[in-house]
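Me: I am new to this structure and would like a close look at a single part of it. Please take the core and the aromatic residues packed in and around it, and go through them step by step.

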Amino acid sequence: MPAIIAYGSLINPTQLCASYPLTAPRPVVVRGYRRSFNQEPSWRKGDAQRRAVLNVVPSEGDCFNALLISLQSSSDFCELDEREKGYNRTLVEASRITRLDNISCSLYSEFSSEQIYLYVGKPDKRNNEILPSENYLNLCLRGARYWGKAFYKQFLQTTYVGSSPLSAFLQRDK
């Protein structure tokens with residue numbers, strides 16, 4: 001059974017459950033990528049400056065928290081690929097994924113035989129000069145809060161706006 005790593009709006013249960021027949025999401029940490037608000041939206045609306053949605057880019061020194069979600073079948077990718085049309089679906093090594101509650105060890109070895117995918121923004125859609133779309137940001141923050149205090153805190157620490165963690169951006173943006 002294939003799986004995806006959800007790290008943006010799909011961590012919000014209203015977005016996740018409304019669209020896809022998915023199995024129980026599992027909170028995880030993904031190593032080797034940095035999550036940033038630096039992606040031009042493909043279908044979401046924003047204003048001239050505040051329109052960025054989340055993206056991940058390879059970065060060996062970084063990690064981010066997310067949800068690992070098993071799909072019912074490979075045919076589920078048709079809808080997901082359409083929704084995520086500004087992104088490339090990329091195969092991720094299971095060794096990069098650890099359980100959220102045990103970050104230092106416990107590789108998700110039970111998924112080593114499965115194909116796990118991550119949606120990585122297309123390079124031509126990256127823009128480090130824009131700020132998060134307010135509606136999208138709030139959707140992601142509500143989703144992160146849903147998964148508990150520790151998940152929310154780590155989301156704020158492992159998500160970036162420019163070179164600053166989201167937690168610092170939110171303090172400045174008040």
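Reply: What follows starts with the core, moves to the aromatic pairs, and ends with a pair of helices.

The model is a predicted one. Its largest nonpolar core has 47 residues. Ile5, Phe64, Leu118 and Leu166 are the residues with the most contacts inside this core. Strand E3, residues 50–70, gives the most to the core, with nine residues.

Setting aside neighbours within four places in sequence, Phe64 is in contact with Ile5, Tyr7, Val28, Val29, Val30, Tyr33, Arg35, Val56, Leu118 and Thr158. Ile5 and Leu118 also belong to the residues with the most contacts inside the core.

Strand E3 also holds Ile69. Ile69 has a relative accessible area of 0% and is therefore buried.

Next come the aromatic rings. The whole structure contains four aromatic pairs. In one of them, the ring centres of Tyr7 and Phe64 are 5.7 Å apart and the planes stand at 70 degrees, so this pair is edge-to-face. Tyr7 sits in the loop between strand E1 (3–6) and helix H1 (13–19), while Phe64 is in strand E3, so the pair ties together parts that are 57 residues apart in sequence. Both Tyr7 and Phe64 are buried.

Phe77 and Tyr117 form another edge-to-face pair, with 5.1 Å from centre to centre and 80 degrees between the planes. This pair links Phe77 in helix H2 (residues 76–83) to Tyr117 in strand E6 (residues 116–121), 40 residues apart. Phe77 counts as buried because its relative accessibility is 6%, and Tyr117 counts as buried because its value is 12%.

Last, the helices. Helix H4 (residues 149–157) has as its buried residues Phe151, Tyr152, Gln154, Phe155 and Leu156. These buried residues pack against strand E2 (26–39), E3, H3, strand E8 (159–161), strand E9 (164–165) and helix H5 (166–172).

The axes of H4 and helix H3 (residues 134–146) come within 6 Å and cross at roughly 140 degrees. H3 and H4 are therefore oblique to each other. On the H3 side, Cys140, Leu141, Ala144 and Arg145 take part in the contact, and they meet Phe151, Tyr152, Phe155 and Leu156 of H4. The residues of this contact divide into seven nonpolar, no polar and one charged.

Terms used. Residues numbered from 1 in each chain as written. Predicted model: local features only at pLDDT ≥ 70, side-chain atom pairs only at ≥ 80, totals over all residues. Heavy atoms only, no water. Axes fitted to C-alpha atoms, helices over the stretch in contact; angles between N-to-C directions. Helix = DSSP H or I, 4+ residues; strand = E, 2+ residues; numbered from the N terminus. Parallel < 35°, antiparallel > 145°, perpendicular 65-115°, else oblique. Contact = heavy atoms within 4.5 Å. Nonpolar A, V, L, I, M, F, W, Y, C, P; charged D, E, K, R; others polar. Core = buried A, V, L, I, M, F, W, Y, C linked by side-chain atoms within 4.5 Å. Buried < 20%, exposed > 50% of the residue type's maximum accessible area, 1.4 Å probe, protein only. Phe/Tyr/Trp six-rings, centres within 6.5 Å; stacked < 30°, edge-to-face > 60°.
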